[in-house]
Structures are given as structure tokens and as C-alpha cells.
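Welcome! Please take a moment to look over the sequence and the 3D view below, and then we can walk through a few parts together.

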Amino acid sequence: MKTWKSIFAVALSVSTMGMTILSSGCDMNALIGGLTGNASTSQDGSSEGHIHKWQEVILEEATCTTDGKTLMMCVCGEVKGEVIPAGHDLIREVVSEATCTQAGLVELYCKNCEYRGTEIQEPRAHSYLEGEKCFWCGKSKSEIESGQMGEAVAYDGCEVTITFYHTMGKVLRDELDIWIAEFNKLYPNITIEHKSQGDYVGLRDSVLSGIASNTLPNLAYCYADHVALYNDYDVVMTLDDYIANVGIVERGDGTFELMGLTQEQSDSFVSVYYEEGRMCDDGKMYMLPLLKSTEVLYYNKTFFEENNLTVPKTWDEMETVMEQIKAIDPYSVPLGYDTESNWFITMCAQSGTPYTSTVEGEKFLFDVEENHSFVQRFRNWYQNGWVTTEGLEGRYTSDLFVRTNPSSRKAYMTIASSAGAYYNCPEPYTNAYGRVEYPFEVGVAQIPQINVDNPKVTFQGPSLCMFKNADSQEMAATWLFMEFLTTTIELQAQFSLFGGYASVIKDLDEKCEQYASMLDVTDGNQNLQMTALKQCIAQENAMFYSPAFIGSAGAREAVGVLMQNCLRNTPKNGQSVADFIKNEFKENIAKLRKFYGE
């Protein structure tokens, strides 16, 4: 018969167990005595008919990350060591319940350590009630089996290829490729094929051709006017179900994310950019903002300082400054305004006068006396040689602004896009000492207002829309890429840097150190782009957008032509200027209503 002490001696000699069974200071007698106390007993049979009565001694408790150790002994002399597996003591908290179309998400918390994790609940089977409606999704059996186009489901990790149309130049395309590689680290089975369509007109026409030939891309750059046009063919997918989608997606790195936008992500958008996506009367979201620009006033800061001129904040002050500049340089045209359409629409917003609406039969509302009045005022400016526009010049007014030849007709101010700062910076030269200098410094300010306490400025720049597709996984993948482009902080910073547009994420300088450092490097020449960008960000609260509908793009084009005609043309048959302008408005409205069937 083996004694307990001999049993422990055997146990201590077992090296294959790879563990320290007893510490050097262990009291053997206390441990043996403990076998009748802090030990558990179990029974099992043996090949010799002997029934083992195991007594277990816990030598080392298991923790969350480290295995524990036990010693199992029988009075017959058999000894064995066992490992207590490490493991967390988990609390499970359901974030979203699984349904028939979405997996569920459970967050895991350990009671004993800081471990946090997630667990996926498999989607449930459809459960049909009376009338063959599914309890979970509310759809009939026939709807489910037919696979309705436009169903917003979560991405399941399958192999998908999506096509993206945009207007990016080479610099941004190269940057996009870098970020697609980052996207593919998260979603390795989603292939992105992107194609530049030149300018926005070319892109719009490519999409319209795709509608006719049933070869639409999955995702495209867009303006609200474009979406209104596409929507007439019922091809644009509304985004509300994706934004609110609580499905769970597993990433390539083993982490999980919510399919839709979190509340934090929704709240992080600049409000006016985000809400432009609801430009239709139905209140649904048709697009997400990607990058934006606004109009700013570029002025020759050197000239203004040399001649003690004040940068105008109102249109009344602008009139005074233009007259002063004309007196200093009679051959100049003091102000250039690149876009007549933007000028007209902005003046309606600043004046609080009607422009357009989405109400049937009342879409074109801009033929009112107050609008006649500001157009007549601008006509007087043009006739005095104080102002010109892109349409009247046949070129962007930045061409006049950056001129340095003293004998050339030039402008000392121009109103243009904040994203076009590069074109409003004069060419540098090398002086006699080998230093690079600029002919003059450029200043950037908000465009003049009617009421500086209630400023209004328009904004532009690409948003993103996705198109309906019979393959719900293609649409799910398209949404994930759209979400990635619009909510990834570092991507937004890089695109802003390379494209000159403002990020659509508010307070990005507080969230991204690189973006903050970009905005710190501002001046009127080499870093003019950052100066214009900073001005764009500063006037976010003044921005507005016009309603989008079939005909809104036509209205924009029409008021641009109206401005050109009213500024340049001569009244006929003894007409007064007021009557001439009034008639131009009436003819303009009549053409729009006839063309769009109002």
C-alpha cells in the first residue's frame, strides 16, 4: 500500500505534466489533511474492476488568460494532473436582436477583467403567420421568394464587384486607389472599379445613357439636380433603410461593425450638407455628401492696402469700393463674378425673395419686382464697367484677376469657388536675389451680403448616390463603400488636402491632427488654397441649398442666361430699362413653364 507521502513524491516526479505542483514551502501534512476538506471526489471505473475515488486538489486557480492546475489522486495510488482552461466570466448584452434578414449583435463583458468582445447571432428563419406574412420582416412569402429590388440587407461577405462613376482628376484618382486598398483590408471580397466621366455634364449623360441601356453604375458623384432627374426614372436607391440598418457585418480583420450609421456618425456631418440629401418633398435621403465648396471673395490684398480700400461686407459697400477702384484704374473691371446663376440664386436667398419650389404648377417663382430690382442694379454696374461675369467674358474671371501686366485690363476682386483658389493665385517669379516672390498677395473674405447679421452663401461639390440593383449584396457593398468614403476621418482630410474641397465632417480639425495642421498653414499665395478652405469652413452656418425637382437644373441655367441678357442687351423700341428687364423675366418664366409642362 502506497502512503499519501509516497503518492506526492510520485506526483512531484512527473515532469511531462510541465507544471509546478507544489511550492517549496508547502506543508505536506496540511495539504494531505485538506484532501478531506478543500477537495472534490468523483468515481469512475478501471480496467481491473476497481472504482477510482478521485480527490481533486486545486494547485493553481485559472484566470481569464492563464490556465489553472489540479492534482487528481485516488486511494489506490493512481495520480494524474489536469489543466483548468483559462476563460473569461462573460456577461452578454444584446445590442440588436437577430431577425430573418439581419444577424444580431451581442456585446461581451468579462466580470473579472477589461476584456470586451462581440458575438454574432445567426439570422432567424422566416416565420410565417396567418396570411403568410413573416413575423419578423412583415413580407409575404411571394415577396421574399421573388427577391424584391431595393431591399436593404446587410453585407454577408460574398464576392462582389461594384462600379463607381466620378469626375476625379489624376491626383484624386491616385489617392482614391490608396483608400480603396484600405477599404479592401476591411472587406477583401468587395472589388471597386472606378471610372472618371470627365466633368459633371459628362457624368450626368453617362448615367442617363446607362438608364437607357440598363448598364447603370452602382455609385456615382451627383448634384441634387442630377438626382431629381435620375429619380424620374425610379433608379435612385433611397438611403434611409441603410442608414438605420442594425445588421452586423464582419470585417476582414475579424472585427464587427454596424451596417448602418451610428448616431455619432450621423451627427458628425455638417448639418446643411447632410440635409441636402433630403432635397425632395418626400423627406427621404437620396444622397450623402462627400466634399463641398462655397463661394468666396478673392481680392488683391496688396492693392487694397496700398490704396487704403476696405474689403466690402455688403453690396452697398461693394458699390462704393468698385467706384473707388475705377477711379484709381479706369481701365480695370473692379469685380468679376464667375457664375451668373449662383449670383442670381444667392441674391434671392439674401433678399428672402422667391426663386423656385417643388409645388406642382408653382415651381418657377422668381418673376417678382424685388428680383427685377437687384438685376437692374447689377446692369448699371456692368454698364459702368464695374463688373463682369464668366458668361459675359467667355472665360473665368480669375483670368482677369491674376493678370499683372500694367497695360492689361484686369480685375481686383473676383467671386468664385473656394475650391478654385489655385486659379486665383498669380504666377510666382524669381527676383534678382534668387528668391521666389508673388506679384501681389491675395486676400479671402465672405461674399458681400444684404444683411451681415443673416448671411447667405451657396455651396457646391460632389455628393454620392447609389442606384437600385436586383442584387441586394451589390447594393449592400455599395453602401459600405459610400459610408467609408463619407465618414472616414483620415480619408476626408486627405481628399480635402488634394482636392481643395472642405470636408463634410464638422470640426474635423479637432478630430484629425493632420487637418488642423493643414489649416494652420494659410497665406495669400503659396497656401492660398488652405486660406480659401478655412473661409469655407468659417461660413458653414451661412450656407443654403435650393429645392431639387425635374426642372430645377433648367431653372438654374435659365436665370444665368437671364442675368447675361439683362446686363448686356439693349432695350428695343424705346423700352425703359425697367420694362426691358420685366419682359426678360416674363419670357424666361414662360419658356420654362412651356418646356416643363406647367
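## The chain as a whole

What does the accessible surface of the chain come to, and what percentage of it belongs to carbon and sulfur atoms? The accessible surface comes to about 29100 Å², and carbon and sulfur atoms hold 47% of it. Keep in mind as you read that this is a predicted model.

The chain has 598 residues, and 45% of them are buried. Its secondary structure consists of 22 helices and 24 strands. If you take the contacts between residues at least 6 apart in sequence, 64% of them join residues at least 24 apart.

S3 pairs with strand S2 (residues 51–60) in the antiparallel sense, over five bridges. Within this pairing, Gln55 has Met73 of S3 as its bridge partner. S3 is also joined to strand S4 (residues 79–84), again running antiparallel, by six bridges. Here you can find Lys69 opposite Val83 in S4. S3 and S4 form a hairpin with five residues between the strands, and in this hairpin Gly77 takes a positive phi near 110°.

## A five-stranded open sheet

Now move further along the chain. Which strands make up the open sheet of five strands, and in what order? The order is S9-S8-S10-S22-S13, and the pairing is mixed. Strand S9 (190–196) and strand S13 (288–289) are the edge strands, each pairing on one side only.

Inside the sheet, strand S8 (residues 160–166) and strand S10 (residues 219–222) run parallel and are joined by two bridges. To spot this pairing in the view, look for Tyr165, which stands opposite Ala220 in S10.

## The helix that packs on the sheet

Which helix packs on this sheet? The answer is helix H16, residues 472–487. H16 touches S8, S9, S10, S13 and strand S22 (463–466). The direction of H16 makes about 50° with that of S8.

Key. Residues numbered from 1 in each chain as written. Predicted model: local features only at pLDDT ≥ 70, side-chain atom pairs only at ≥ 80, totals over all residues. Heavy atoms only, no water. Pairing = 2+ DSSP bridges. Helix = DSSP H or I, 4+ residues; strand = E, 2+ residues; numbered from the N terminus. Contact = heavy atoms within 4.5 Å. Axes fitted to C-alpha atoms, helices over the stretch in contact; angles between N-to-C directions. Buried < 20%, exposed > 50% of the residue type's maximum accessible area, 1.4 Å probe, protein only. Areas by Shrake-Rupley, 256 points an atom, 1.4 Å probe, with all protein chains shown as cover.
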